[in-house]
Every structure is written in structure tokens, then in C-alpha cells.
2 protein chains.
Amino acid sequence: MTQHLSQHLSEDEIIAQCFAPLAGPEGMGLRDDAAVLVPPPGHDIVMTQDALVAGVHFFPDDDPRDIARKALRVNLSDIAAKGADPLGFLLALSLPDNLSSDFVVAFAKGLGEDARSFACPLFGGDTTRTSGPLTIAITLIGAVPHGNLVARFGARAGDRLYVTGTIGDAALGLDVRAGKAAWLRKVDAFAQDFLLDRYLRPQPCLALRRAVRAEANGSMDVSDGLVGDLAKMMRVSNTTAHVTLADIPLSDAASQAIAQSPDLFERAITGGDDYEILASVPDHRAAMFEAEAKTAGVRITCIGHVLTGTEAPRFFDAEGNMREFAHGSFSHF
Amino acid sequence: MTQHLSQHLSEDEIIAQCFAPLAGPEGMGLRDDAAVLVPPPGHDIVMTQDALVAGVHFFPDDDPRDIARKALRVNLSDIAAKGADPLGFLLALSLPDNLSSDFVVAFAKGLGEDARSFACPLFGGDTTRTSGPLTIAITLIGAVPHGNLVARFGARAGDRLYVTGTIGDAALGLDVRAGKAAWLRKVDAFAQDFLLDRYLRPQPCLALRRAVRAEANGSMDVSDGLVGDLAKMMRVSNTTAHVTLADIPLSDAASQAIAQSPDLFERAITGGDDYEILASVPDHRAAMFEAEAKTAGVRITCIGHVLTGTEAPRFFDAEGNMREFAHGSFSHF
């Protein structure tokens, strides 16, 4: 029988049994409300915070281990895009009254696996109950050599624009997860599994962080759709961009889906949850950036370049015609 | 006419209009997902995180400025109890769909006032929508001279136990806020206003932080009731304590209420939301601690002492009889 949380585990028991084993020395075994970190000498502290809400950012019946991993990984993706090294994280967890203790145990298990594999221990946090959906706010703490943070607003005219991995898989994977889209009937099970995995279990591109901080002028993680995120990056950099649509890297699975339903291309490049890095790299460092990415085992693709101007970025198809997109950016609002 | 959030302000507009003006240089105008902090030389970074949920930690129809202030202040209280200096904070805000934009504007106004008066700017954060109640998770970042963090688990047998301010006002203030308790009819309006203010607008005891880090072996902020929090502190310190109930400092307003309804005394010392500091100070440093508190303008009161042993702390009344309390600690679960 599934036990409800309120009948079963108190806040102190949840902390002691589920989360204290995830704590690094900075978390002092979660015996204190606070955590303490000796900053790595010569480094700045980098902080980022992303919250995930059930029904908005994930399905309430997703595997609790995947929910936990995604909550941590979307933050690791932000840190990687800044060229920073993750040090640890704080977790603010708001638990619905009817959540089972099994769920919390599985959530902590998934979180612990990722905390170990990314060498990113739990520093501390807070657990509360809520009458609403499960809400997970993670604050990721990282470090970067002093002055080396790569800001979103650092792009400069003349830079090349690179993305890691492939774009749009998670946006299509969301369709797989929901299970209702007509295009699913036309795509094989292997491709569907690949897209679903990309939606449920994003892979933060930490392997590229040193290359980003060594070579990039500007960088951000692509989480709200490539088209909209690029527009944001250009706007805060006071620049614009030209992008060649045919150069945007697609997975075999996404290509298969788009071949069947060409309208999915727009979804792929405007949908969210990619968690790839968009980096703006000066022309004279491009060869070095490509070499370092290769060494790091990270696929990167040049999709366009940064230009002087404040108009919205322009996207060109294979015939050189400009394309516009109705939904520039994925917004949870 | 009140506009609903979803009809009115996008996430980007909320960030740009309401929260960017609160950002310190570390937040880079909130033009990036991440914040960057140059650690103060010779200092450790202290981190704490507390989440507040509407209907659990505050009333949904409380003044939005007060809700914001309380969310920040409960975290400042944690930092003060560690003997640390606040540097800034990250804010993860989950906004219900039906929340008015007026609410968000007022919330940001209250938060900004406190951010300025406590010299604790916004570093960054995240805004999402939720189908549930307003949820505010704040991560407070502070600093303490290297190795000087005062842990909860540092109490030692022989220490004196001190609390700041007065205990129980907020627990009684919660009754005032709810407006239904029979004892309210017996207490004057001035006392009720005082107690309500203590519930709605806690005052983090930052003025004592230097004395805490100079003199205390162990320290925590009292947020879940003095009796239960003391028990926690003794448990993690592998010690026990004797407390003289008559020495627990009460405000005139709380004394007036308790004189009318003596059963309120138990509520006062077991109820939550005090946000006072409980410090464990070695006997030979007690005079110095008292002098420093006086200089800092902070009322402190010795309520007992720490002893060897692992049993629960003992509380003695004026006749020397031991008293037990049914609700040792306030739990939101």
C-alpha cells in the first residue's frame, strides 16, 4: 500500500533519510540550516536558479528519478553555458500533501545518482508542504576563474554562432510523452524513444565548459527554443544575427519526423527543453573552439553569425529566402 | 480593474519591469540566467534557502509587500544566526495564473525596499507559473571570515543559552491575524497590533551577527518554536539543556495575553515564526557577549545552560518543577 507523505515521513525524517546522504561537506550533513563553502582560490562564484513545477515543466506522473535529474540538469546546463564548474546545489522542495513517501524516496535516489555522477553534491535547502503541485527550485553554485564568466550579453558583431548537439529533439519528445500527435504514427519506435529520452533526461553539456570560457565572447543555454533564445542573446548584446536554417543540426530521429511532417521543423527550432549551448565565438578563435570541442567529444555546429544592428535575427532557408516564425520563443506564461 | 497576470505581464516583462531594478552588479541587470560574485577575500560563502508557500507560511491575502519582506527576512535571520554577513539573494517565484499584476508589482516593491535597507541586492532567480499557491523560494548568499561560521551543532556542555528579543509574539500574532481566538477579546488593541506586526514583519537580528561569530560556540535562528528548536540544537550537538521557564523573555503584549489566558504560554514557547537567535556561549565569554549585544542594541537573555547528556532538554518552572510540552516543535507537516 502506498503511504501518503503526511502519514508517513516528517520534514525532519525526509531530510535525514532521503537527503542527508546526498550532502557534501559544505552541507555539514544537513545538521544546520546553512551551508558553507570555501571559495576555490582565484575563482568567482557563479549562481543560477531554475524552478520546475509539476504540470508546467514536467508531467506529475513522470518517473520521480527523472524529475529529480531534470531539475538538477537544467541548472547544470546553465552553469556549463557560463563556462563554470559546478560545485553543489541547494534544493527547495514543495511537496503536495498526497505525494507518496515512495515518490520522495525515488526522487532522492535519482537526485543522488546525478549528484554523484556530476560531482555536484547537495549543499542544503528547504522542504515544505504545499496544497499545489510539486515544485522544485534548485540553486546551482559553481565557480569560474576570476573574470572568466561568459555572459549572455557578450556576443559581438563578427562572431560565429555555434550550437552543441542537436536541436528540437525535446520539443518533439514532448509530443511522444503526450502520445496524441498524428505524426507519431509515421515515425518508428526507435526514433520515438530517442526523442522521449531527450525530453525526459536532458544532458547538460558540461564537457564544453572549458572551451566556452576559453574561446566564447557570449554564451547561454538553449532552454526556451533556439529562435527565441537567440533573439534574447542578440537583444542583450545589442547585436543581430543571420542564421542558415539548413545548418541547424537535427538528429536522425528529428529529421525522420520532420520528413514526414515538415511543419514540425518550426516546432523543433522554437520549442523548449533543448539544454544545448549557444555560443558566440570570434572568428579568429573558431578553429580553436572547434578543436577543443572535438577533444571534449562534443558535437558543435556553426549555424550563422553575429551582425551589427538591433533588428530581430534573420533566418534563411536553402534558397536564401527569409523565414519568419510565429512563436519565436517558448514561454511557460 | 485588476488585470490577471497571464493577460498582462510576460515572464520577461515581470523580470525587466519588477525585478531588474532590484539587481546588484552580481546580477548583471538580470540580462543573464546566472549571477557572478567575487568572494570577499579571506571569507567563506554561506548559503541558506527557505521557501514560503501561500496558505502554509502566510495568508494569500496578506499585503504582498509584507509577504516579500517576510520571505527575505526569514533567510536573513538564518544568515545572522550563522554570524555571517548577507551579500545578496536569488528568488524562485512560482506565480498562480490568477495573481494580479498589481500583486507582483507590490511584491517587488516590498522586496526592493528590504533589499536596499538590508544592503542585500537581488542576484538572480527564476519566475514560473503554477496551478497551485504562490511559492517563494529564496536562496540567501552571505560571507563569513574563513572558518568562523557558527554551526547549530557547536553547543558544548557548560555553555550558557541566550535568546535575542522576546519569544512567542509571532505565534500569538498568528491568532490576531486569524482573528478568531477567544483570548483576543481580553487584550487591548495596542498589544494585538504589536503581536500582529511581529507575525507579519519579522526583524532579522543582523545586528548581533558579529557578537555571535566572535563569542558563540553554536547558534541557530528560532523559527519553529523555541522548545523544539532548542531540542534540535542540543540533539545535533550531542548535548542536553536545562531551561528556566521564568527567564524566557516575553514582550509586554505577550505577557498581557498570557496573564489573561495562561495556556498561551505553551503556545508562545512552542509556536513558530520568532526569527530570534538562540546562541550557546561559553561561560568565560558570556560577559563579553552581553557587552557586545548591548553595544549592538540587541536585547539578549540567558534562559539556561547546556549539559552533558543526550536526553531531551528540561524546562523548570518557578517552583523548580519540571514541565513538559505536548507540542515540542511547530511543524508545517
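**Charge, fold and a glycine site**

In chain A, the mean position of the 29 positive charges and that of the 43 negative charges lie 2 Å apart. The model is predicted, and the values below are computed from it.

**Overall fold and dimensions**
- Chain A contains 11 helices and 12 strands.
- The radius of gyration of chain A is 21 Å, close to the 20 Å that the globule rule gives for 333 residues, so the chain is as compact as a globular protein of that length.
- Along the principal axes, the C-alpha atoms of chain A fill a box of roughly 65 × 55 × 35 Å.

**Burial, surface and contacts**
- Of the 333 residues of chain A, 62% count as buried.
- Chain A has an accessible surface of about 12500 Å², and carbon and sulfur atoms account for 51% of that surface.
- When contacts in chain A between residues at least 6 apart in sequence are considered, 86% of them join residues at least 24 apart.

**The site at Gly165(A)**
- Gly165(A) lies in the loop that runs between strand S6 (160-164) and helix H5 (169-178) of chain A.
- Gly165(A) counts as buried because its relative accessibility is 17%, and the cut-off for burial is under 20%.
- Beyond its neighbours within four places in sequence, Gly165(A) is in contact with Pro249(A), Glu276(A) and Arg299(A).
- Gly165(A) and Ile300(A) are separated by 135 residues in sequence, while their C-alpha atoms are 6.2 Å apart in space.

Methods. Residues numbered from 1 in each chain as written. Chains lettered and ligands numbered in written order. Predicted model: local features only at pLDDT ≥ 70, side-chain atom pairs only at ≥ 80, totals over all residues. Heavy atoms only, no water. Helix = DSSP H or I, 4+ residues; strand = E, 2+ residues; numbered from the N terminus. Buried < 20%, exposed > 50% of the residue type's maximum accessible area, 1.4 Å probe, protein only. Contact = heavy atoms within 4.5 Å. Rg over C-alpha atoms; globule rule 2.2 N^0.38 Å. Areas by Shrake-Rupley, 256 points an atom, 1.4 Å probe, with all protein chains shown as cover. Lys, Arg positive; Asp, Glu negative; His and termini not counted. Charge placed at Lys NZ, Arg CZ, Asp CG, Glu CD.
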